[in-house]
Amino acid sequence: MPEGPSILILHEEIKKFTNQKVIEISGSAKIDKDRFINQKIIDFKTFGKHTLICFKDAAIRIHLLMFGTYLINDSKSTPLKIGLRFNKGELNFYTCAVSVVEGNLNDHYDWSADIMNDKWSAKNAKEKLDEFPKAMICDVLLDQNIFAGLGNIIKNEILYRTKIHPESIVGKLPEKKIKTLIKEARVYSFEFLEWKKENTLTAHWLAHEKKICKRCNLPLIKKHTGKNKRRSYFCTNCQELYK
DNA sequence: AGTCATGTTGACGA
DNA sequence: CTCGTCAACATGAC
């Protein structure tokens, strides 16, 4: 389910509940739910893969992990993680991680790290990247402190687009290559968003779960790469290994 | 039926 | 104390 662009779609769908008062909260989430009863939602925000339901002095943070789902004005029989009921309507989340962020969100989040945020800063991302010269690029791209919202699909697609081998070492990449990659992270994420809305996302994949390289017709390699061992799909002919 | 995956966290041991 | 490894969480596609 998640990756930043999908969370933006979720935000679009639930923001109509802004200013609604919470009548009831249910579900198995291990947070103090009662404190939010009769409180008004003052805003919904997102940070990377986080959905934030904002109240006066705290926010409920929801992370859909791999299989999280949500239903608006509807419910299903699988165990409810957290459900909010309003005078008019309800909002239900399943299979997700829920926590509470106390106080001012600005004290917890560097908005410039969120690839989908207006405050996104490629410059800040570059500076943070430079702190990990020995890391593999496939690992660093998934670092949510640097590229919040960037997930495994976006990783594979932007490395393919920019012709960089996922096992390339950050410090060995030419400056220009890194800058192109960082730029592509945001550009591709917004294309992802549009395709996801049109339901054509998977049809647009060039690398992720693909078997043949569209550029050179050679087979793509599937390998669990880096420290995190997430799936990578890449073309050893088109994507240069900097090491 | 078993494996695996758009992800993160916390426990545990070296 | 810090680092790496791994299980846990839990759903659905193949």
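**A tour of rings, charges and a DNA strand**

Start by selecting R215 and Y160. R215 lies over the face of Y160, 3.9 Å from the ring centre. Keep in mind that this is a predicted model.

Next, select K76 and Y94. Here the charged end of K76 sits over the Y94 ring, at 4.9 Å from its centre.

Now turn to ring against ring. The structure holds 9 aromatic pairs. Select F17 and F86. Their ring centres are 4.7 Å apart and their planes meet at 20 degrees; under 30 degrees counts as stacked, so this pair is stacked. Colour the chain by secondary structure. F17 lies in the loop between helix 1 (4-14) and strand 1 (22-26), while F86 belongs to strand 6 (residues 80-86), so the pair ties together parts 69 residues apart in sequence.

Move on to F47 and W111. This aromatic pair is edge-to-face, with 5.9 Å centre to centre and 80 degrees between the planes. F47 is in strand 2 (residues 43-47), and W111 is in the loop between strand 8 (97-102) and helix 2 (122-129). The pair links distant parts of the chain, 64 residues apart. F47 counts as buried at 10% relative accessibility, and W111 is buried at 12%.

Finish at DNA strand C. Which residues surround DNA strand C? Select F67, T78, P79 and T95. By class, this surface has 2 nonpolar, 2 polar and no charged residues.

Methods. Residues are numbered from 1 along each chain as its sequence is written. Chains are lettered from A and ligands numbered from 1 in the order in which they are written. This is a predicted model: local features need pLDDT of at least 70, side-chain atom pairs count only at pLDDT 80 or more; totals for chains, interfaces and linings use all residues. Side-chain values use heavy atoms; hydrogens and water are left out. A residue is near a molecule or strand if one of its heavy atoms lies within 4 Å of it. Ala, Val, Leu, Ile, Met, Phe, Trp, Tyr, Cys and Pro count as nonpolar, Asp, Glu, Lys and Arg as charged, and the others, Gly among them, as polar. Rings of Phe, Tyr and Trp (its six-membered ring) pair if their centres lie within 6.5 Å; planes under 30 degrees apart count as stacked, over 60 as edge-to-face and the rest as tilted. Helices (H or I, at least four residues) and strands (E, at least two) are DSSP runs, numbered from the N terminus. Buried means under 20% relative accessible area, exposed over 50%, partly exposed in between (1.4 Å probe, protein chains only). A charge sits over a ring if NZ of Lys or CZ of Arg is within 6 Å of the ring centre and within 35 degrees of the ring normal.
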